[in-house]
Amino acid sequence: MAFRVMVACTATAFVGFSGVAPVARADSAPSSFTNSPMVASGRTPSGVTVTVRKEMIGTARVTSAESSSANPAAPDDEYLIPANTKTSAGFVDLYEDFEAEDGEWSDVALLTFTFSRPVRDPRLHVFGTGGSSGESRKRRDDYWPAVELVGGVPARPTFSWAAGFPGYRVTRGAITPERVYPARSTTCGVVYTCGTAKVNGTVRAFTIKLKAHDVRKGRGASMSQLWAAFKLSLAEDVSDAPASYGVASHAITDSHLGWSVSDDHTDAVSMTPRALPLDTGDDAMEAGEERSMLSGRRCRISVPVTAGSSSRVAGWIDFDRDGRFDADERASTLVGEGAEDAELTWPLPESLPAGPVWMRLRMVARAEPVDSPTGWADSGEVEDHQIEFVE
């Protein structure tokens, strides 16, 4: 059967996620964190790792460094978004002996979060952060916390409010109490702060400063004290082809397909890749565009990309229309930092009836082969499209 030189791409685009990733894999990966007085290390399900280095200010010291394990059964938290954020792993520190004076702010520690790849708009989840020490209402100090955003790589990002923080305000540069006062009891919004702030921008690292405001009762307590608890979640991009093709999910980073990428599944974090049932605005193959060419027994497709770093682009076309992407239906190429398009070439099967077929595109920020059409990736994006071979 002869085909026209051009292969028309239909408008049926299916979702893609931009993220920074290791080689894609089909299995799920648990969220985890380890913690010590000076360093905490974590891993997201997508494979992005984060290292948190702690620098004490003045006489402050960490007297307790605990990990908060991933717990799929953890209840939803009304102050966090996604509400099930506590299912993921995090860390909890107790800072003591920092210099404190009644009615004054004290600097406690600098925490620098560094990611294995640049990530876009990470969410910082703050829960149960604050302090209260002493034996009675006549001999007690409450320490109202503040979180200042003081640095970042490649540039200092900004905060924006996402959820929670009753009794506190979130500005571009800080999370601070609306007012401090002698509290009869403590909870989220009274001394302690709980909520989610988005760290706006594509960052490799960001630094926060922990501060404490001392409200003293009576003679006060003998020791200054501040608990600080954090979790992180990343923006995610997912696939949306029919279920038989399997699920792919990417953490959104500085490289992606097309000219933009959107955040999927903003309502829940997950320990396993998730798909979407509908197109969410993928733009690597736009409606009516004819980006593909037949040359002899080969099909060549030019895919627009935004490469923040050197990346690999892989694609699968379900030529035999059996509802899955097979290894012999894969094409792959490398693109350099700053690239704007990627050329993918497939050998054509002997028999190729006219009509629509599913195609999956995946982009990851590293050079190793992308062998699997499914699973997590810690960078890039995934897009599913229907393309049509025209006689």
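**Cysteines, cavity and rings**

C299 is buried, with a relative accessible area of 0%. Because residues under 20% count as buried, this cysteine falls clearly on the buried side. It makes a friendly starting point for a tour of this structure, which is a predicted model.

Two other cysteines come next. What do C188 and C194 form? The two residues are joined in a disulfide, with 1.9 Å between their sulfur atoms. A bond of this kind is covalent and links the sulfur atoms of two cysteines. A search of the whole structure turns up one disulfide. The torsion about the S-S bond of C188 and C194 is about -70°, and the disulfide is therefore left-handed. The two partners can also be described by their accessibility. C188 has a relative accessibility of 24%, so it counts as partly exposed. C194, in turn, has 2% relative accessibility and therefore counts as buried.

Empty space among the atoms can be found by rolling over them a probe the size of a water molecule. Over the whole structure, one cavity of 30 Å³ or more is found. How much space lies in the largest cavity? The volume comes to about 330 Å³. Its lining is made up of 30 residues, and those nearest the centre are T44, P45, S233, L234 and V269. Several strands contribute to the lining of the largest cavity: β3 (32-35), β4 (39-43) and β18 (225-233) each provide at least two residues. Sorted by class, the lining of this cavity contains 14 nonpolar residues, 10 polar residues and six charged residues.

How many aromatic pairs does a search of the whole structure find? The total is 11. One of these is formed by Y245 and F325: the ring centres are 4.4 Å apart and the planes meet at 35°, so the pair is tilted. The two residues belong to distant parts of the chain, being 80 residues apart. Y245 sits in the loop between β19 (236-238) and β20 (248-251), while F325 sits in the loop between β24 (311-317) and β25 (330-335). Are Y245 and F325 buried or exposed? Both are buried. Elsewhere, six phenylalanines, namely F33, F91, F113, F115, F206 and F230, form one aromatic cluster. A ring can also have a charge placed over it, and R179 gives a case of this: its charged end sits over the ring of Y181, at 4.1 Å from the ring centre.

The bond from I81 to P82 is cis, and its omega is near -5°. P82 is placed in the loop between β6 (61-68) and β7 (90-96), and I81 lies in the loop between β6 and β7. With a relative accessibility of 34%, I81 counts as partly exposed. Although I81 and R123 are 42 residues apart in sequence, their C-alpha atoms are 8.8 Å apart in space. Another cis peptide bond joins V153 to P154, with omega at about 5°. The loop between β11 (139-153) and β12 (158-164) is where P154 is found.

D97 is not a glycine, yet its phi is positive, at about 65°. This aspartate is found in the loop between β7 and β8 (105-120), and it is partly exposed, with a relative accessible area of 28%. R321, another residue other than glycine, has a positive phi near 55°. Where is R321 found? It belongs to the loop between β24 and β25, and F325 also lies in the loop between these strands. At 32% relative accessibility, R321 counts as partly exposed. In sequence R321 and P353 are 32 residues apart, and in space 9.9 Å separates them, C-alpha to C-alpha.

Methods
Residues are numbered from 1 along each chain as its sequence is written. This is a predicted model: local features need pLDDT of at least 70, side-chain atom pairs count only at pLDDT 80 or more; totals for chains, interfaces and linings use all residues. Side-chain values use heavy atoms; hydrogens and water are left out. On a 1 Å grid over the protein atoms alone, a cavity is a set of points where a 1.4 Å probe fits but cannot get out, and a pocket is an open set with protein on both sides within 12 Å along at least five of seven lines; lining residues have an atom within 4 Å of a point. Grid points are joined across faces, edges and corners, and a volume is the space filled by probe spheres set on the points. Helices (H or I, at least four residues) and strands (E, at least two) are DSSP runs, numbered from the N terminus. Ala, Val, Leu, Ile, Met, Phe, Trp, Tyr, Cys and Pro count as nonpolar, Asp, Glu, Lys and Arg as charged, and the others, Gly among them, as polar. A disulfide is a pair of cysteine sulfur atoms within 2.5 Å. Buried means under 20% relative accessible area, exposed over 50%, partly exposed in between (1.4 Å probe, protein chains only). Rings of Phe, Tyr and Trp (its six-membered ring) pair if their centres lie within 6.5 Å; planes under 30 degrees apart count as stacked, over 60 as edge-to-face and the rest as tilted. A charge sits over a ring if NZ of Lys or CZ of Arg is within 6 Å of the ring centre and within 35 degrees of the ring normal.
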